[in-house]
Structure formats: structure tokens, C-alpha cells
Amino acid sequence: MTTPLETAVAGRHRPRGQPAVDFRAVSRTYAAGQHEVRALDGVTVAFPAGSWTAVMGPSGSGKSTLLHCAAGLERVTTGQVLLGGEDITTADDAHLTALRRSEIGFVFQSFNLIGSLTAEQNVALPLRLAGTRPSTKDVRAVLAAVGLDDRRRHRPRELSGGQQQRVAIARAMVTRPRVLFADEPTGALDSTAARKVLGLLRDLVTAGQSIVMVTHDPSAAASADSVVFLRDGRVVDHAVTPTTPEVADRLARLKA
Ligand SMILES: Nc1ncnc2c1ncn2[C@@H]1O[C@H](COP(=O)(O)OP(=O)(O)OP(=O)(O)O)[C@@H](O)[C@H]1O
């Protein structure tokens, strides 16, 4: 029998051997007065499909920039970013917008739900923005998949932080994205709610979803399949299924 989570993930982007996101010699610089800040400095890294990768590093190491470049929210200065094998660095703005709507889901630390809309209406929003008439069945299925079927008429203020983040994950998943990007998804949650959100992300990966997550929290990173460490805009370390103390230790060494 297909579980609600498997239905939410769908077979559209099941792993086909190629990375979900592939960075090839990517640099991103920003002008800062007379100077130039090199937020990403020749990053070559592949984020495997059907896998959950955490990105860690000291403050200012380029984590958010990497996530934004991967999700097509920001353009790279040099190098290539391939999303499901397609080079998005050459895409024009219209194509990039279309890709963002259909191929990418984004979850933020602060949930970013619309306060005047119910959970159901928030989840339906990406479909409306994409010009599709949302099917009540699809919206309910994805809310059921995150365990919030009984909260669909609630507005964000009537939900706990953890429930709001699960609505945000449902909203990101409703378009069945190739990659789910998460920027500190547990940063605003207490440890119980954080564990539940991390458990949900694990269930999504088990159902075939690709996830790239930025976090400062070693225990959140240890929930992922692998961890990529950045320092000064460069990939400097990589760990596969590390424990929380191993992640904390490697991070401490980067900050030393
Ligand atoms: N729009 C911008 N204009 C100028 N400099 C920027 C801009 N965005 C980021 N930077 C700089 O690029 C570098 C990397 O920033 P980024 O936000 O990617 O780091 P981060 O690892 O996500 O940091 P944090 O953990 O503090 O969120 C920093 O030096 C930052 O000041």
C-alpha cells in the first residue's frame, strides 16, 4: 500500500543516478564598498538524489549563499549549478522562476506562513502561484502526510511552532519538488518539536525525497545522511552518517 508520504513525494524525481544538485567550481562574490566578499570560493560538491545532506560551518562561511545558489534564488558569479542534471546558471529569469515553482521546495527557520490563511490555504498557495487549480484531495493528502489533517482549518497563530513548520513543509512538498531546501528548519523550535520535524524529514527521504539543509545544530546535522562543512566559502570537510558528538567536534575544529 502507498503511504501518504510516498504519495506526497511521488515518483516524479526518484533517484536516477545523477545528483539532485551538482556544484561545479562555483564562486559567488559580493561587492562590499571597495572590497569584494567571496561568499563561495570554487565550491565543487554533489548533493546525492534521494539523500539528506546537511551543510554546516561557522557564521559567514557561505551556507546560506550555497543554499540560495542551489535553489536558483541567487545567481552564481562563476561556475555551474546543475539541478537534476540541468544547468540552471544559464537559465533566463522566466525559466528560473518556473523551475523554482516546480522543482524546488523551500523551508525557512521562521516558517513564513501567511497569517490570514488557514493551513490548507497556505499549502495550496504554491499551486495557485503556478497557475494550477489546487485539488482539495492533493492538499489534504500532503497535510495528512505531515500529520496535520485535523488542523487544516487552523490559522498559523492557532498552531504550535512545530505544527507551523510542518505546514510549511507540506507547502514546500505540495508541488512534489525535486529538492527540498531547508534553512535552519529547527532553529526556532524546542527540542521536542525539532525532533518531530527531523523525523518528518527522515520519513520524506525514506520515501525518496532529496533534501539539502543548512543548520547550526549538530544534532540536526547528525539526523542527515551526510554533512558538508564549509569555511571561508570552501568545502573543507565531509562526514557520512556522523554522530552528534562527531559533528560537534568537526565544527569546533573549523572554528578553532
Ligand atoms: N547580499 C550580500 N552582500 C554582501 N555580502 C554578503 C551578502 N550576502 C552574504 N554576504 C557575505 O558573504 C559571506 C557568506 O554569507 P552567508 O550568509 O552565506 O554565510 P552563512 O554561513 O550562511 O552565515 P550565518 O551562519 O551567519 O547565517 C559573509 O561574509 C556575508 O557577509
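1. Start at D22: its bridge partner in strand 4 is L82. That pair belongs to the 5 bridges that join strand 1 to strand 4, and the two strands run antiparallel. A word on terms: helices (H or I, at least four residues) and strands (E, at least two) are DSSP runs, numbered from the N terminus, and two strands pair if DSSP finds at least two bridges between them.

2. Before you go further, some housekeeping. This is a predicted model, where local features need pLDDT of at least 70 and side-chain atom pairs count only at pLDDT 80 or more, while totals for chains, interfaces and linings use all residues. Residues are numbered from 1 along each chain as its sequence is written.

3. Strands 4 and 5 make a hairpin with 2 residues between them, and G84 in the turn has a positive phi of about 55°.

4. What lies across this sheet?

5. Which residues are around the ligand? They are Y30, A32, V37, A39, G57, S59, G60, S61, G62, K63, S64 and T65. Strand 1, strand 2 and helix 2 are the elements that give two or more residues to this shell, and helix 2 gives the most, with 3 residues. By class, the shell has 4 nonpolar, 7 polar and 1 charged residues. Here Ala, Val, Leu, Ile, Met, Phe, Trp, Tyr, Cys and Pro count as nonpolar, Asp, Glu, Lys and Arg as charged, and the others, Gly among them, as polar.

6. V55 is worth a stop. In the pairing of strand 3 (residues 52-56) with strand 9 (residues 226-231), which is parallel over 4 bridges, V55 stands opposite V228. Leaving out residues up to four places away in sequence, V55 touches K63, L66, L67, V212, M213, V214, V228 and L230; contact here puts the C-beta atoms, placed from the backbone, within 7 Å.

7. V55 also turns up in the largest nonpolar core, which has 70 residues: V55, A170, F181 and V212 touch the most other members. Helix 7 (residues 191-206) gives the most to this core, with 7 residues. Such a core is a set of buried Ala, Val, Leu, Ile, Met, Phe, Trp, Tyr and Cys residues joined through C-beta atoms within 7 Å. Buried means that 20 or more other C-beta atoms lie within 10 Å of a residue's own, exposed means 12 or fewer, and partly exposed is in between, with C-beta atoms placed from the backbone.

8. Strands 9 and 10 pair in the antiparallel sense over 6 bridges. They form a hairpin with 2 residues between them, where D232 in the turn has a positive phi of about 50°.

9. E184, in the loop between strand 7 (179-183) and helix 7, has a phi near 55° without being a glycine. T241, also not a glycine, has a positive phi of about 35° and sits in the loop between strand 10 (234-240) and helix 9. Are they buried or exposed? E184 is buried because 20 other C-beta atoms lie within 10 Å, whereas T241 counts as exposed because it has 10 C-beta neighbours inside 10 Å.

10. Finally, L254 in helix 9 (residues 244-255). L254 is partly exposed, since 16 other C-beta atoms lie within 10 Å. Setting aside neighbours within four places in sequence, L254 is in contact with G57, P58, F229, R231 and V236. One of these, G57, is also among the residues around the ligand.

Definitions and conventions:
Contact = placed C-beta atoms within 7 Å. Near = placed C-beta within 6 Å.
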